[in-house]
Amino acid sequence: MSEIQTIELAARAAEEPKGQPTAGRFLFSSWHLVLIPIAVVMVIPLVWMLVTSLQTLDETRHYPPTIVPTSLEFRNYADVLQQAPFARWFVNTLLVTIACVAGNLLFCSLAGYAFARIRFFGREVVFVLILATLMVPFQVIIIPTFLIVRTFHLIDTLGALILPNLAGAFGIFMLRQFFRTLPVELEEAARIDGASRLGVLFKIVLPLSGPALATLAVITFMWTWNDFLWPLITIYSPNNMTIQLGLATFQGAHQTNTNLLMAANVMSMIPVLLLFFFAQRYFIRGIATTGLKG
Amino acid sequence: MAEVRLEHVTKRFSESVAALDDLTLEVGDGEFLILVGPSGCGKTTALRLVAGLEKPSSGTIAIGGRIVNDVTPRDRDIAMVFQNYALYPHMTVYKNLAFGLKERHTPKPEIERRVREASGILGLDDLLRRRPAQLSGGQRQRVAMGRALVREPKAFLLDEPLSNLDAKLRVQMRAELKRIHQRLGITTIYVTHDQVEAMTLGDRIVVMSNGRVQQIGKPQDVYRRPKNLFVAGFIGSPPMNLLRGHCTDGRIRLGELELPWSGPDAPEVAVGLRPEDLRPTQDGGPSLEFVVDVVEPLGNEVVVHGTTAGTAVESGAEEEAEIPLVAEGARAAITAVFEPADEPAPGERMRLGVVPERVHLFDLRTREAIGR
């Protein structure tokens, strides 16, 4: 009976998430004595950023800093949009992020499925090699990656940001682990029913992998959106910059308009905050189930 | 529809162990063939080889006269029902049934017609919009059957399809399966470890053990004339009583019991007595003394466990976890099936009549049946 239960679990997981029961949600626990101070510490910088983004330049230089806003300079936001090609950066980042999320979902699914289910020569060795790349810090492969991207004449284009990030060892590993938990009889039944390998993947496996795919999408989105180092190295035209890179240009060598910088920061954070708000459980799952960076 | 033929098929998952050892088998067009045996006997492996889910290490497999060793499962035109049903959880019952047809680019009206037909046969009409998770075990089983039916394949492969159902439903579905086969006449290979399913469903049954065929034949023939000790111990419930004896000087000797014997001498034999052939007797004919131990009244019959003088022989078909009834001293545990009117009391001593023609003999050295 256990296999049937597995199938049922997979079915349930594939369905839309249900809201948590409201009963007991606000019960007090002694853990809150620890968690609430930590939450305050985490929130203070965000509040400070928000407040600063609404101050005048003079106020931002006040010491000690003001946490309670004395003025609401909403025109800071308008200034940012005027002084810098902020909308352009936003679109660039969105394009790169969407491309990377789509690429990771597609290519990691294909590779993960092959490693999970198809028997081929050298499978385990190749898989271990791919896993091993997780241990190589990005700083180590900056130069070779740069050379490859330059060979394709992609330096200072969005392609430089997309191409190297279309698939990753993390996604391959995570999806392989998930695919292996699906009952293999489902795939065998589909193959007997006439589905090809790709048909099995797209019509049976992926529809049952909603939670895993969502987790991968959310994590890839966040990594790509917040990436700074790689765009810094490959992009130098203001028109091709991403938000994170563009934000850095607000910090001048002699003078920094802190209020404008913070206004830009707040705007750049909105998509990630929204994502976090609606897909929080997939973040947690991604970190909890794989025990890897998140 | 088509016949299925396996010739000298061997399957090894590792160098040392053959899951299936030199299996040669022919399933006739429209035949209902049962592969039966204890778990690990290779019956499921045989089925998966026919389905194309495994490749044989050697030998050939042919479906409808075409050798399919290198043909993918999708191109073999067979349908399989899995033990856990393997219904696609994210699809409705209708889509589950239609999936195989869709994958084969069947025109939509044709899909609609066949799904309606199968759902009519199986009584699924009211369930077509449900998901598998919303179905009971019996309903899922029927959907799994339906998914095979709509394909109108060359052959059905069923892997213990009833083993996840509760007892009552199993009996019902067993009859249902037989009805469907009688109606459609599709070649069917059915794997089970349940000998009642084997006896009731099959045109022929194949008894397997340790990757080898033990006996192939009609259910009644296998029951009446088991070829070896394993089959004798496996087919029949409760299993055949097997006691050590010897055949010399024209007599079969089993403890104090003597029966006429016309065959050659055999010093070491197992004497097989079916529980249903043992009946209480008082007329001075050939009989065994018997002490009743446990009585199990079943309504239409009474299963009586007890002991007699002698030594029991193991058939090799005993389940590993099965603990033989402990018999004290030189006594062997045996089982008899009585009419309800003959129900004895525990501890009662009696004599069990033995009909000489119903006695089975097996050579203990070769473990094969001794013919007569």
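How many of the 14 residues of helix α7 of chain A are buried? The count is 1, so the helix is hardly covered, given that burial takes 20 or more other C-beta atoms within 10 Å. The model examined here is predicted.

Helix α7 of chain A covers residues 138-151. From its first C-alpha to its last it reaches 19 Å. That is close to the 20 Å expected at 1.5 Å a residue. A:H153 follows α7 of chain A and has a positive phi, near 55 degrees. A:D156 lies in the loop between α7 and α8 (158-162) of chain A. Its phi is also positive, near 65 degrees, and the residue is not a glycine. A:D156 counts as partly exposed because it has 14 C-beta neighbours inside 10 Å.

Over residues 1-7 of chain A, however, the pLDDT is below 50. This stretch has 10 contacts in the model beyond near neighbours in sequence. Residues 13-21 of chain A also stay under 50. For them the model has 8 contacts beyond four places in sequence. Where pLDDT is low, predicted coordinates should not be read in detail.

Chain B has 372 residues, of which 42% are buried. It holds 8 helices and 20 strands. Its C-alpha trace spans about 75 × 45 × 35 Å along the principal axes. Among contacts in chain B with a separation of 6 or more, 67% join residues 24 or more positions apart.

The largest nonpolar core contains 153 residues. B:V50, B:M80, B:L157 and B:I189 touch the most other members. Helix α5 of chain A (residues 86-117) supplies the largest share of this core, with 10 residues. Leaving aside residues up to four places away in sequence, B:I189 touches B:V4, B:V27, B:L33, B:L35, B:L47, B:V50, B:A155 and B:L157. In soluble globular proteins, nonpolar side chains tend to be buried together.

Two sites in the backbone of chain B deserve mention. A cis peptide bond joins B:S237 and B:P238, with omega at about -5 degrees. B:P238 sits in the loop between α8 (229-234) and β11 (241-248) of chain B. The other site is B:R367, in the segment after β20 (360-363) of chain B. B:R367 is not a glycine, yet its phi is positive, near 65 degrees. With 16 C-beta neighbours inside 10 Å, B:R367 counts as partly exposed.

Conventions
Residues are numbered from 1 along each chain as its sequence is written. Chains are lettered from A and ligands numbered from 1 in the order in which they are written. This is a predicted model: local features need pLDDT of at least 70, side-chain atom pairs count only at pLDDT 80 or more; totals for chains, interfaces and linings use all residues. pLDDT is the predictor's confidence in each residue, from 0 to 100. Two residues are in contact if their C-beta atoms, placed from the backbone, lie within 7 Å. A nonpolar core is a set of buried Ala, Val, Leu, Ile, Met, Phe, Trp, Tyr and Cys residues joined through C-beta atoms within 7 Å. A residue is buried if 20 or more other C-beta atoms lie within 10 Å of its own, exposed if 12 or fewer, and partly exposed in between; C-beta atoms are placed from the backbone. Helices (H or I, at least four residues) and strands (E, at least two) are DSSP runs, numbered from the N terminus. The expected span of a helix is 1.5 Å times one less than its number of residues.
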